[in-house]
Amino acid sequence: MKTIAKQPEVKNFIDGKFVPITIGSNEHASMDVMNPIDGSIITTLPLSTYDDVDKAVKAAEKAFESWSSKTLKERVQIFFRYRTLLEENMDELTKLVQLENGKTYGEAKAEVEKSMELCEFAVSLPQIVVNEVQEVSKGVECRIERKPLGVVASITPFNFPNMVPHWTMPNALVLGNTMVMKPSEIVPLSTMRMAELLKEAGLPDGVFNLVNGGKEVVEAICDHPNIKAVSFVGSTKVAKIVYKRASSTLKRCVALGGAKNHLLVFPDANPDMTASNVVASMTGCAGQRCMAASVMVGVDKVQHIIDKMVEEAKKIIPGENLGAVISAEAKKRIENYIAEAETNGAKILLDGRNITVPGKEGGFYVGPTIIDHVTIDMSVAREEIFGPVISIIRAKNIDEAIEIENGSNYGNAAAVFTQSGGLAKEVMERASAGMIGVNIGVPVPREPFSFGGWNESKFGVGDITGRSSIEFWTQNKKTTTKWNPEAQTNWMS
Ligand code: NAD
């Protein structure tokens, strides 16, 4: 494999500076960061240890006093400037996401645009977080104020290198916390650039810190006694580990996990709109989205819609309007799922296995894949595939369709395609998922609506973005005051 030193070696960002990892037991431990589009190595990443996390926590603790004592209105000024920097550097940030993640230019750009929207919500927090005060008895006042927690942590996955870090960072910092972030070791470059731009926007040193690495860093974050809260986004397997470990050291934790999203398609659905929505949902970001369509439940006679979906999916060309999957292992895993379904009797209507893109032969591509006549016992019906693959399960009626959806361990999103308000309403009510789409294949709530699933797609209370995140990143201080000595003495005194 060719090594292209396109990027400098990955470093940690602690106390406003890029620093190498601590020389210790992990002195020689590093891993390659790959470009999924052509399989080349773009840089190496050191695997940090507990000592590196500890340094970052110390820097964040030092910065907390002065950062948290600024007013909300002062803190948002930095994020007005930072949002502008995202816009000014859009092309570069987009290409960085593409380089490390392999998605298309349009998909990568949409990520950065969403990050800007997340910053817009954060700068609106002074309008939303207004303290409560009331004179509860003559001369006596009760007041509730939202206070930051202290040093908080954010652990992120590979599939949205720019956007997911912005789910947590702007709100947590604007609300007065300081942060240690651990990005996915597979995509460290976007967050390094984010750290630089935050500094350029005027963020004081130590308020935002980055520690690169893998499992050891996550464990150190969960265990560190001076971290108050942990937010995690990634697979369900790791979300469970992180939720249990962070809670066992008495931290507050919200951990978002994987997904297996069901789209219920009824015969009266608009065929063109449904086919293009379902295909866009299953193939966007090469299916590596926690909001991607993974199972289509075709209710009754929907063959005409399936035929259109196959037609639509044939227009999705790897290397043109379909990006790469993240790694050679991911490609193999996805292709194994398709093979297993075929062996177990499912019908492959469109097969994305064994794809190579001319000129990018080393790239990790899987073409759009549609598997029909899947049964609920098959792994493609139950497990997260995380590739551009949809499994079609046939159902006789709405009750059967809902039973299939409700049977999933996950519950991130579900969608219904129909022209009947009654049917749509019933699915909205009965689907066991946190985010519901009606004639929308990727029902991501936009700010200020919050993002978060149900069941094994999320552990912890509240959602990760929007108003819900205000609760997570703050604690209430309740103060009762009496200024008037003549105030009547009563049971409160
Ligand atoms: P992952 O769980 O493998 O990794 C996420 C983070 O956990 C990374 O920073 C990684 O270093 C760390 N990690 C990995 N293994 C660990 C271990 N054993 N112990 C401690 N830490 C560990 O997830 P991924 O492959 O990077 O991302 C894809 C997954 O994330 C998919 O399942 C996808 O559905 C999910 N995801 C969910 C949401 C959501 O909102 N629910 C959003 C984006 C991605």
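This is a predicted model: local features need pLDDT of at least 70, side-chain atom pairs count only at pLDDT 80 or more; totals for chains, interfaces and linings use all residues.
By salt bridge I mean a side-chain nitrogen of Lys or Arg within 4 Å of a carboxyl oxygen of Asp or Glu.

Residues are numbered from 1 along each chain as its sequence is written, and side-chain values use heavy atoms, with hydrogens and water left out.

Back to our pair. Are Glu117 and Arg446 buried or exposed? Glu117 counts as buried, at 11% relative accessibility, whereas Arg446 counts as exposed, at 56%. The cut-offs are under 20% relative accessible area for buried, over 50% for exposed, and partly exposed in between, using a 1.4 Å probe and protein chains only. Both residues also belong to a network of salt bridges that links Lys114, Glu117, Arg446 and Glu447.

How many salt bridges are there by this rule? The count comes to 33. One of them joins the side chains of Lys58 and Asp54, at 2.6 Å from N to O. Lys58 and Asp54 are four residues apart in helix H1 (residues 50-69), so about one helical turn separates them. Another is the salt bridge between Lys315 and Glu312, at 2.9 Å from N to O. There, Glu312 is partly exposed, with a relative accessible area of 24%.

Now let's zoom out to the domains. The chain is divided into domain 1 (12-258 + 453-477) and domain 2 (261-438), with bounds that come from an automatic or database domain assignment. Taken over C-alpha atoms, their centres are 31 Å apart. Where they meet, 24 residues of domain 1 are in contact with 29 residues of domain 2, contact meaning heavy atoms within 4.5 Å.

The size of an interface is often given as the accessible area lost when the parts come together. Here, about 1900 Å² is buried between domain 1 and domain 2, and carbon and sulfur atoms give 62% of that. This buried area uses a 1.4 Å probe and is summed over both parts. On the domain 1 side, strand S3 (30-35) and helix H3 (90-101) are the elements that give two or more residues.

Let's finish with two buried residues. Lys182, in strand S8 (residues 178-182), is buried, with a relative accessible area of 3%. Beyond its neighbours within four places in sequence, the contacts of Lys182 include Ser154, Thr156, Val211 and Ile221.

Ile464 is found in the loop between S19 and helix H16 (466-473). Ile464 is buried too, with a relative accessible area of 2%. Leaving aside neighbours within four places in sequence, Ile464 has contacts that include Trp167, Phe232, Leu256 and Ser231. Ser231 is 233 residues away from Ile464 along the chain, yet their C-alpha atoms are separated by 7.9 Å.

Conventions:
Buried area is the accessible area (1.4 Å probe) that two parts lose on being put together, summed over both.
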